[in-house]
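Let's take a friendly walk through this protein together. Have the sequence and the 3D view at hand, and follow along as we go from one spot to the next.

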Amino acid sequence: MTVQDIRSFNRFYTNVIGALDYGRRLYAPYTLTESRVLYELAHAPRTDAADLRAQLHLDAGYLTRILNKFEEDGLIQRGPSDTDPRRRRITLTAPGREAAALLDERARETVGSMLDTVPAEDRPRLAEAMRTVRTILGDGDGDGDGDGGGGGRAPRPEDVLLREPAPGDLGWIVQRNAALYAAEYGFDADYEALVARIVADYGEDHDPHLERTWIAELDGRPVGCVMCVRGDTPGAARLRLLLVEPDARGLGIGDRLVGALVDFARETGYREVVLWTNDILGAARRIYQRHGFVLVAEKPHHSFGQDLTGQDWRLDLHATPE
């Protein structure tokens, strides 16, 4: 392996993905860097300029020019950070989310067209080769400790992206909820039927301005989800189907999913967020408490083949945080 080998591969791959003329390739007025900034803003609910610079390794002045352009175009809005008054929080506006979604759709179509040219029998080999490149070059030496030892680097919180569901993700939500709750809590098929009804109702008739689903993605695969749907009373949003895969726990994914939902509910104009859960789900309940949810009622019941205690939790979005 020589420097020239890597440079030759880089030239080849930039041609494959159209990096030199990215905007024209996607029929969009954005460069590759601008598109990537939009992507990060769409998948990280609470972001500031410092976070973006660190994630994308961008020059501060260059990033500022991009953000100024986005603000002039009405794609973003900037405000004080929730955690650090010295920082400015950046969020996408409704037109910004639409632009990011359109870019994501066109990028998926472009990559899908490229993948269609790869024979089915060659795809596992291609996927393995891509994983090998990411493992070896992902953190200098591949294992995250900088000692040249190689091996697979452990995932970090910043490796997780939050995105809207792609085709097949709603089915994944049903399948993983059923499988995980059966394995971890002994729930029977009644729970799978309940989840399937919730997901089907959302898929058939949801209002994108008032309801939303987030998928947490790590290394190209879904590892978590949550849904925000309209509640039973005016002004109430309902949190449903929070889930994090066991091998992705410990990365703060549940916190990020709930935080994204709460931010969305507040920005949309909901008065409160409500949820129903069971007392055995200790990790989820701790997340709800950290975000300000309060237990308002609980009642024993027998469901999903188990004796459980159901709990109703509520978050007042107009309350002043302590």
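The whole patch covers about 570 Å² and is made by F9, F12, Y13, L115, L126 and M130. Two elements each give two or more residues to this patch: α1, which spans 3-17, and α7, which spans 123-137. Please keep in mind, as you turn the view, that this is a predicted model.

Let's pick out one member of the patch. F12 is found in helix α1. Is F12 buried or exposed? Its relative accessibility is 52%, and because the cut-off for exposed is over 50%, F12 counts as exposed.

Now step back for the overall picture. The protein has 322 residues, and 38% of them are buried. Its secondary structure comes to 11 helices and 10 strands. The accessible surface amounts to about 18300 Å², with carbon and sulfur atoms accounting for 52% of that area. If you look at the contacts with a separation of 6 or more, 58% of them join residues 24 or more positions apart.

From the exposed F12, move on to a residue in a contrasting setting. E34 sits in helix α3, which runs over residues 32-43. Why does E34 count as buried? Its relative accessibility is 10%, and buried means under 20%, so E34 falls on the buried side of the cut-off. What does the side chain of E34 make a polar contact with? The partner is the side chain of K69, at 3.2 Å.

Strand β9 (residues 294-303) and strand β10 (residues 306-316) pair in the antiparallel sense, over 9 bridges. To see the pairing in the view, find L295, which stands opposite W313 in β10. How many residues lie between β9 and β10 in their hairpin? There are 2, and F304 in the turn has a positive phi of about 60°. As you trace these strands, one rule is handy: in a regular strand the side chains alternate between the two faces of the sheet.

Methods. Residues numbered from 1 in each chain as written. Predicted model: local features only at pLDDT ≥ 70, side-chain atom pairs only at ≥ 80, totals over all residues. Heavy atoms only, no water. Helix = DSSP H or I, 4+ residues; strand = E, 2+ residues; numbered from the N terminus. Buried < 20%, exposed > 50% of the residue type's maximum accessible area, 1.4 Å probe, protein only. Polar contact = N/O pair within 3.5 Å; in protein donor to acceptor, adjacent residues only side chain to side chain. Patch = residues over 30% accessible without salt bridge, like charges linked within 9 Å, V, L, I, M, F, W, Y side chains within 5 Å. Areas by Shrake-Rupley, 256 points an atom, 1.4 Å probe, with all protein chains shown as cover. Salt bridge = Lys/Arg side-chain N within 4 Å of Asp/Glu carboxyl O. Pairing = 2+ DSSP bridges. Contact = heavy atoms within 4.5 Å.
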